[in-house]
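Subject: Structure handover

Hi,

Here is the structure I said I would pass on. Have a look at it first, and then read my notes below.

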Amino acid sequence: MRYSNWLFPMLLLLLSGCGDVGPQQQKSEAPPLPGHEERWSVFLRQQLAGPQVVTVDQGWSEQAPLQTHPRLLKVTVKANETLPTGFPTEAETRMANELQDQLLQKLERGNFGVFVGSIVVPGEKQLYYYLRAEPQADELAQETVADYTKRKVEAAIAPDDTWSAYTEQLFPNQREQAEINNDGVLIRLQEAGDPLSQPRPIEHWAYFKSTKARSVFQDSLKRYSFEPIAYDTLAQSQMPYGIHFVRQDSIHTPYIHDLTWGLTQLAAGLGGAYDGWETIVVKPR
């Protein structure tokens, strides 16, 4: 998976469209939503049909599906102008974000619906909401979409009481989640003044159910020039036997993603679990 120069500005632009909006004029008589803490993630997904940029509020994962919101509203905003990659330009993405925020104002603040994420593909941005099972929610959504005339828009409302669109189309898989975690570390390094241009020692951790599995894992590490630093034994853990190891490596993407995913698969093949990495800040001289 390769990250081009267009991706990171797009990630910031997409996240900027997920903030609070103004007051809601209409109110639902429905009970309040369960406690929910927003946890937005943006990541690149490679599909056979082409790449996607997915934005998802992972904060709903522990509560989904909401029985009070069993209907999926999918809104597709078509772009008039695109980049050479086929993705909407920054101006087009802002246009789509306008409708996204208008729907937020009329649905989420009125407790008629919740916004769970979006997908940007070549030529369009798709918005995903879950609606209450009451006619007023459908009417508000349809009126808001109909009133938006700046771009061609398609909208559909369908039953989805299992929230399959959220779990299967928006939510990251194991590798995508690992890359989201990696990107979080890289962002913190950049915020500390690290341009991510220089190789440096990267430390890793993995845990196993037995010392034998850990030993086999270590033998594999030697073939790839990793060096062990320490061994852990955790009380009351399903995987108590840990190994802490290090190697000098590049930190750029997609290399760091491929490296950590390879270690994840290696540990999983022995019934273990890769537990992440850390490194030092390297500032330009």
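Let me start with L196, which is buried, with a relative accessible area of 14% (buried means under 20% relative accessible area, exposed over 50%, partly exposed in between, with a 1.4 Å probe and protein chains only). L196 is found in the loop between α5 (174-191) and β7, where helices (H or I, at least four residues) and strands (E, at least two) are DSSP runs, numbered from the N terminus. Its phi is near 65°, a positive value in a residue other than glycine. Q236 also has a positive phi without being a glycine, about 55°, but Q236 counts as exposed at 86% relative accessibility. You'll find Q236 in the loop between β8 (227-233) and β9.

Before you go further: this is a predicted model, in which local features need pLDDT of at least 70 and side-chain atom pairs count only at pLDDT 80 or more, while totals for chains, interfaces and linings use all residues. Residues are numbered from 1 along each chain as its sequence is written, and side-chain values use heavy atoms, with hydrogens and water left out.

Two peptide bonds to check are cis. One joins A64 and P65, with omega about 0°, and P65 is in the loop between β2 (50-57) and β3. The other joins T253 and P254, with omega about 10°; P254 lies in the loop between β9 (241-249) and α7. For background, most residues other than glycine have a negative phi, and most peptide bonds are trans.

On the overall picture, the chain has 7 helices and 10 strands, and buried residues make up 47% of its 285 residues. An open sheet is formed by 6 strands in the order β1-β2-β4-β5-β3-β6, with antiparallel pairing (two strands pair if DSSP finds at least two bridges between them). β1 (40-47) and β6 (153-159) are at the edges with a single partner strand each, so one side of each has no neighbour in the sheet. From one strand to the next, the twist averages 20°. Within the sheet, β4 (residues 113-121) and β5 (residues 124-131) run antiparallel and are joined by 8 bridges.

Now for H204, which sits in strand β7 (residues 200-208). H204 is buried, at a relative accessible area of 0%. Its side chain makes a polar contact of 2.7 Å with the side chain of Y274 (a pair of N or O atoms within 3.5 Å; within protein, one must be able to donate a hydrogen and the other to accept it, and residues adjacent in sequence count only if both atoms are side-chain atoms). The H204 side chain also reaches the backbone oxygen of I202 at 3.5 Å. Leaving out residues up to four places away in sequence, H204 touches several others, including F226, H244 and W277 (contact means heavy atoms within 4.5 Å).

I256, in helix α7 (residues 255-268), is buried too, with a relative accessible area of 0%. I256 and L186 are 70 residues apart in sequence and 9.8 Å apart in space, C-alpha to C-alpha. Beyond its neighbours within four places in sequence, I256 is in contact with N182, L186, I202, S250, I251 and W277.

Note on methods: Axes fitted to C-alpha atoms, helices over the stretch in contact; angles between N-to-C directions.
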